[in-house]
Amino acid sequence: MSPVSICMFLVVLIVYTLSSPSSSDNQQVIRTAANLIYLESSSDTTTQKLEGALLNAVVFVVLITLVTFLLVILYYYRFTNFLKYYIRFSAFFVLGSMGGSICLTLIQHFNIPIDSFTFCLLLFNFTILGVISVFSQGVPILLNQMYMVALGIIVAAWFTKLPEWTTWVVLVALALYDLVAVLAPGGPLKMLVELASSRDEELPALVYEARPNVGSRSGNRGPNLGLLLAGFSDGDPIELRVMSSSENVVQNGRGVNEMRSESEDIDGVREVEIEGEMLPLMGSSSNERERPVVNEEIRESNESDRGRVLEREIEEEEERGRGIKLGLGDFVFYSVLVGRAAMYDLMTVYACYLAIISGLGCTLILLAVCRRALPALPISIALGVIFYFLTRLLMEPFVVGTSTNLLMF
Amino acid sequence: MTVAAGIGYALLALGPSLSLFIALISKKPFLILTLLSSTLVWLMSLIVMSALWRAFLPLKSTAWWPYAILILTSVGFQEGLRILFWKVYKKLEDILDAFADRVSKPRLFMMDKMQIALAGGLGHGVAHAVFFCLGLLTPAFGPATYYVEKCSKIPFFLVSAIIALAFATIHTFSMVIAFSGYEEGNKVDQCFAPVVHLIAGMLTLTNLAFGGCMIGIPLLYCVAIVTLVHCGKMAWRRLIESRSREGNFSNSQ
């Protein structure tokens with residue numbers, strides 16, 4: 001959850017710094033896969049905008065579906081290396097060109113004195129390190145996570161340059177597509193995940209891992225049971241998905257009653273693990289000392305857990321989101337939503353952020369119940385869009401009206 | 001310079017809440033969840049209230065009574081929501097306790113309960129500060145500042161940050177008071193939170209008068225301090241009680 005927050009926060013910052021000066025001069029609209037058909041101009045009528053945006057969204061989703069099917073076919077015939085190199089190439093491309101141009105605009109905006117040679121060198125190094133960190137094992141997990149977040153930020157910042165109506169319609173369409181692709185029988189992402197879990201290998205995709213070595217830790221308990229997946233691929237086919245081994249989700253203590261229902265059908269070893277997780281969840285460390293330790297094993301597992309936690313960066317993600325693999329797609333589109341909201345006001349940003357986070361929470365709870373691949377986009381995006389428009393249409397005049405009179409309650 | 005000023009306003013309103021969050025809440029995922037959900041509840045209450053009042057806004061009249069009605073309804077709605085929040089929390093706590101009993105673990109300690117209440121209150125306070133102060137701060141990062149006619153001595157953003165700080169404090173600690181009041185069945189504590197909330201809301205009505213903020217804000221801070229002191233006393237009393245009750249097996253709380 002915190003990487004998602006970081007990603008959204010940085011996108012908001014970028015959008016915020018870049019949009020305020022450029023809103024006055026007419027920024028040129030880029031033409032991407034998401035607005036192939038129709039370019040929005042502010043003089044069009046609402047119907048025209050809506051029609052154009054719908055057409056854009058349809059084209060975008062169809063393109064994505066085609067690309068995803070292509071990927072599934074490639075994966076099915078075991079072109080894994082080809083896929084890996086392709087994704088490395090697209091990471092290179094995204095970091096190098098899109099990241100580079102975003103850096104350039106930032107430099108221009110802040111008037112940072114830097115010569116082009118140094119900039120190219122730095123950018124090249126940054127990009128190469130990112131490419132290396134995508135799939136190889138020897139790279140620290142923190143670096144990998146940082147690059148995943150960076151990729152998400154860059155793509156999201158790029159997406160916020162789309163015209164407004166198109167952004168909203170594309171977001172909703174993608175959420176729907178995600179729902180279909182993951183849940184419907186024969187959906188491309190569902191097939192992809194099932195293939196990957198039946199072959200017991202990692203997905204050749206850009207996935208944010210919240211914990212190092214998920215595979216090896218859960219490997220001794222058989223292949224991953226449940227995969228939460230929220231995937232899609234965008235213009236340049238970056239794979240984006242969320243998946244998680246159900247064992248970790250049981251641990252992650254999101255909904256406590258879910259944990260209870262889950263713990264009834266799992267074996268003793270796992271139960272101990274769950275108890276180990278309960279303590280850091282519920283109690284402060286000072287209270288823990290007083291608690292009569294009923295089960296020695298529990299304490300052991302708790303302590304080993306804590307040691308493990310201490311080894312790494314201690315953040316809430318460790319306890320909650322362990323082993324959850326969050327697709328870059330979610331990063332990107334959550335951030336796109338928030339970034340789009342940032343162009344309006346800070347209030348909408350905050351409302352959208354809350355809505356997205358709670359949607360993510362709901363998805364995780366559902367994941368603990370269903371134990372199968374789940375799309376992470378629909379609930380969050382739906383909540384986010386609803387809250388954005390509610391805030392913009394209803395709340396803003398109310399709050400501004402009261403608080404400019406210095407009335408609060 | 002103005003960026004620094006904007007950040008300063010934001011920190012003024014949210015600084016204490018931020019330090020509370022880092023010191024207490026951020027270490028425990030469950031508390032973070034409570035905080036997020038209570039923030040969401042508050043946001044939804046605000047949206048519902050604004051939906052109700054949308055038809056009448058903007059209020060053009062200079063009379064104070066429509067604003068009074070507005071504050072009255074909003075406070076009433078939010079206090080109702082607080083009771084609902086308490087009921088949901090109670091259910092969750094029962095589930096947790098049953099779970100703890102089943103695996104023969106100790107139940108939730110009183111400290112945990114108070115921390116949960118604090119997280120809930122902090123969620124309300126933060127949401128308030130964000131929507132009423134931070135949401136309006138956007139122009140403060142620009143190259144000018146803004147003065148309201150009615151309170152012409154202090155910049156508008158500074159006033160709203162100061163008021164937001166008072167309200168964040170009131171929200172945070174009145175939630176703790178209310179939760180312990182519900183739990184002990186203490187009528188005084190139960191009524192304390194709505195009354196304080198209402199008084200604080202009504203005190204902001206003084207800002208409608210010319211120069212009223214010079215009187216209103218100190219009074220508001222008095223209310224905040226009363227809340228704080230009451231909450232402190234109550235927490236202290238309950239801690240002493242619980243320690244004397246469980247003193248036989250705990251030496252360190």
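Which does B:Glu183 count as, buried, partly exposed or exposed, and at what relative accessibility?

A: B:Glu183 counts as partly exposed, because its relative accessibility is 29% and the class covers values between buried (under 20% relative accessible area) and exposed (over 50%), found with a 1.4 Å probe and protein chains only. The model is predicted, so local features need pLDDT of at least 70 and side-chain atom pairs count only at pLDDT 80 or more, while totals for chains, interfaces and linings use all residues. Residues are numbered from 1 along each chain as its sequence is written, chains are lettered from A and ligands numbered from 1 in the order in which they are written, and side-chain values use heavy atoms, leaving out hydrogens and water.

The partner of B:Glu183 is B:Lys113: the two form a salt bridge (a side-chain nitrogen of Lys or Arg within 4 Å of a carboxyl oxygen of Asp or Glu), with the closest N and O atoms 3.5 Å apart. B:Glu183 sits in helix H5 of chain B and B:Lys113 in helix H4 (residues 110-132), so the bridge ties together parts that are 70 residues apart in sequence. Helices here (H or I, at least four residues) and strands (E, at least two) are DSSP runs numbered from the N terminus. B:Lys113 is buried, at a relative accessible area of 17%.

The next residue along, B:Glu184, has a salt bridge with B:Arg238, again 3.5 Å from N to O. This pair also links distant parts of the chain, since B:Arg238 is in helix H7 (residues 213-246) and B:Glu184 in helix H5, 54 residues apart. B:Arg238 is buried, with a relative accessible area of 7%, whereas B:Glu184 is partly exposed at 35%.

A further bridge lies within one helix. B:Glu241 and B:Arg237 meet at 3.6 Å, N to O, and both belong to helix H7, four residues apart, about one turn of the helix. Each counts as partly exposed: B:Glu241 at 34% relative accessibility and B:Arg237 at 34%. These residues, together with B:Lys90 and B:Glu93, are linked in a network of salt bridges. Over all chains the count comes to eight salt bridges.

A nonpolar core is a set of buried Ala, Val, Leu, Ile, Met, Phe, Trp, Tyr and Cys residues joined through side-chain atoms within 4.5 Å. The largest such core has 153 residues, and A:Tyr334, B:Leu43, B:Leu46 and B:Phe131 touch the most other members. Helix H5 (residues 156-184) of chain B gives the most to this core, with 16 residues. A second, separate core of eight residues includes A:Leu74, A:Tyr75, A:Leu192 and A:Leu195.

B:Leu46 has partners in both chains. With contact taken as heavy atoms within 4.5 Å, and residues up to four places away in sequence set aside, B:Leu46 touches A:Met395, A:Phe398, A:Val399, A:Phe409, B:Phe131 and B:Phe132.

Chain A has 17 helices and five strands, and 56% of its 409 residues count as buried. The UniProt record (unreviewed entry) places transmembrane regions at several spans of chain A, including residues 142-159 and 348-369; such annotations may be inferred rather than shown by experiment. In the model, residues 142-159 are 100% helix, with end C-alpha atoms 26 Å apart. Residues 348-369 are likewise 100% helix, and there the end C-alpha atoms are 31 Å apart.

Beyond four places in sequence, A:Thr348 is in contact with A:Ala341, A:Tyr388, A:Thr391 and A:Arg392. A:Ser133, in helix H4 (residues 116-135) of chain A, is buried as well, at 1% relative accessibility.
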